Amino acid sequence: MFTKAFRVKSNTVMKGSDRRKLKADISAAFPSLSADDLNELVPNKEEVNVVKIYAHKGDAVILYVLHKNPVFFQLEKQLYPTVYTLWRYPDLLPAFTTWTPVVQKLIGGADLMLPGVVVSSAGLPDVKKGDCCAINVVSNRAPFAVGTAALSSSDMRSSGMKGKGVNVLHTYMDQLWAFGEKTAPPVTPLTDTSVQADGEMDGVESGEGGEEEVMQNEGVENEGQPGSETAAVESSCQSLLDLNLGEQEQEVETEEAKEEVQEEEKDSRSPQEQMDSLLFQCFLHALKSKVKKSELPLLTGTFLRKHMASCCPRGRHLDIKKSSYKKLSKFLQTMQKEHSLIRVKELSKGVDSIVEVDWKNPELRSFCVPDDWEPPEESVEEGENCEVSYQPPEITPLYGVTARLEPLFQEAQKKKGSVIQASEVRTIVTDYVKTNELVHETNKSYVKVNPVLCDCLLDKSEYQEIEVLKWDDLFSRTLNRMQACHQLQFPGKAPVVRKGQVESIDITVASRGSNKKVTIIKNLEGFGIDPAVVADTLQHRVQASSVLHDVPGAKDRQLVQIQGNQVQHVGRLLLEQYQIPRKYIQGLDKAPKAGKKK
């Protein structure tokens, strides 16, 4: 599962109530752990992080991280210990033993086959199909892999030890192990020295017959020799540590060579001085090759976002706050006063613009575009892909039949809870009226109220007063007394029906501290929009910090908070790029008025 890199969705600190729940879940899943063990794994006063990730195949996994090491991971509501935890508690899970040459294949993504299992004198561990179990090697009981049993112990024996034994989920040296401190497994000898192979190693699906057979013979010979246990342990551990040495040797040499070159070329300036230099380079680059005279006056924010950012070398990022200027306005004032390159003017209150550029300035004329600079094609493609990849859902209002209206829809075979469209409601009601001859004899625009319509559509106070209803009134009363629902149809996916009205995207502006404002966006998930993508997009568009917060009381929901009143930019993003209908967006009227400071 973790043979390839995974994507981190969020990383948050666990709260006290969540710690107690996690302890209870761990205690239920692994009863052998004592109260002290639980307090060590999930301490009350130390930081425990909850990391939500997506594996390379799309599986949603939750990691619980302590002291930078993942201690448990949760997949489909099932908890599994990592190798870091199993090295501290090697007897936490029933363990299957295999030969050292098999380890490399399991690390590469293969499952453990039964011919590769080494059976001790005590027999196979007692497991049921789907039980969590560990895998260790001969002469070292420190587990190097975690998985689930493909068969029960009895089925394994009845199959003649053939077929798949363990579905491997996580191994030493995979990406989950690399997410921690990358420590090596400890050397812990097996308590049972009479380990014997119950089958030939050449039957293992993920091994090489010759190698495995030789290893099997060597293992049996070593066990018969006095004093060989310690040597076997050291050999086993050494083999485990050196598994990928041959494959990584060339990469290590390449990385060392790169590091030597980088150390030789390493800039002796401070990070702040380097950022100042990068800002000045991008500033000159933008003036010389991006800005045209016809664009003046040019908003300073647009100049930074559209022109300077596109001139930044690949692999680097402009960040005003990491420079000595701290603010764009101070940087531009320096360019105006000390270098006489531009003239900045406040054309409207709180909004600065570049109104003039000295194209004949010696610094500008002598500037040459760096040879290693390339147009930012990737960012353009990513923006296009984002627009193409997301398609807004088709929203259809629906109405559910309630218990009160069930007699009215009984003839149409619509029971309580049935969900139908408004047009179908009109058809069913019309057919009911005509079938029961309820159209008024003299005025066809009225419908006579019979006992069923009276009970379904009238209030108690209207029972004696209303004898007829207009067609429009009949339809509106029927729809108003039905359960409001809606259907979301995403392209290429099955339609999703939900109760209630469509929950609109909510945009609000709140005050923080001394006259500082933030823009908050909620309910993006209802339209299939990832809040993390919106936060990242807005951060780059408006050059302001953005963060994600969990919505209180709502599971798996997050809100986006971005610095400043950015309602106008948020509205443009949702309306133009995501193509969300305006009626499903609340708060667009909170955009700053012209002439007011944002």
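## Backbone and ring features

Pro297 is placed in the loop between helix 10 and strand 13 (298-299). The peptide bond that leads from Leu296 to Pro297 is cis, with omega near -5°. The model is a predicted one.

Most peptide bonds are trans, and most residues other than glycine have a negative phi. Glu437 is not a glycine, yet its phi is positive, at about 55°. Glu437 sits in the loop that runs between helix 16 (422-435) and strand 18 (446-448). With a relative accessible area of 64%, Glu437 is exposed, because the cut-off for that word is over 50%. Gln579, also not a glycine, has a positive phi of about 55°. The loop that holds Gln579 lies between helix 20 (567-577) and strand 26 (585-586).

**Aromatic rings**

A pair of aromatic rings is described by the distance of the centres and the angle of the planes. Searching the whole structure gives 13 aromatic pairs. Two of the pairs are set out here, with their values.

| Pair | Centre to centre | Angle between planes | Arrangement |
|---|---|---|---|
| Tyr172 and Trp177 | 5.2 Å | 80° | edge-to-face |
| Phe283 and Phe331 | 5.6 Å | 90° | edge-to-face |

For Tyr172 and Trp177, the planes stand at 80°, so the pair counts as edge-to-face, the term for angles over 60 degrees. Tyr172 and Trp177 are both buried. Phe283 and Phe331 are buried as well. Phe283 belongs to helix 10 (residues 271-289) and Phe331 to helix 12 (residues 328-337), so this pair ties together parts that are 48 residues apart in sequence.

Ring pairs also join Phe2, Phe6, Phe73, Tyr80 and Phe179 into a cluster. A charged side chain meets a ring at Phe490: Lys493 lies over the face of this ring, 6.0 Å from its centre.

**Helix 10 and helix 12**

How do the axes of helix 10 and helix 12 cross? The two axes come within 12 Å and cross at roughly 65°. Helix 10 is therefore roughly perpendicular to helix 12. The crossing of helix 10 and helix 12 is right-handed.

Which residues of the two helices meet? From helix 10 they are Leu279, Phe280 and Phe283, and from helix 12 they are Phe331, Leu332 and Met335. Phe283 and Phe331, the edge-to-face pair in the table, are thus among the residues that meet where helix 10 and helix 12 are in contact.

Conventions:
Residues numbered from 1 in each chain as written. Predicted model: local features only at pLDDT ≥ 70, side-chain atom pairs only at ≥ 80, totals over all residues. Heavy atoms only, no water. Phe/Tyr/Trp six-rings, centres within 6.5 Å; stacked < 30°, edge-to-face > 60°. Buried < 20%, exposed > 50% of the residue type's maximum accessible area, 1.4 Å probe, protein only. Helix = DSSP H or I, 4+ residues; strand = E, 2+ residues; numbered from the N terminus. Lys NZ or Arg CZ within 6 Å of the ring centre and 35° of its normal. Axes fitted to C-alpha atoms, helices over the stretch in contact; angles between N-to-C directions. Parallel < 35°, antiparallel > 145°, perpendicular 65-115°, else oblique. Left-handed = near helix turned anticlockwise from the far one by under 90°. Contact = heavy atoms within 4.5 Å.
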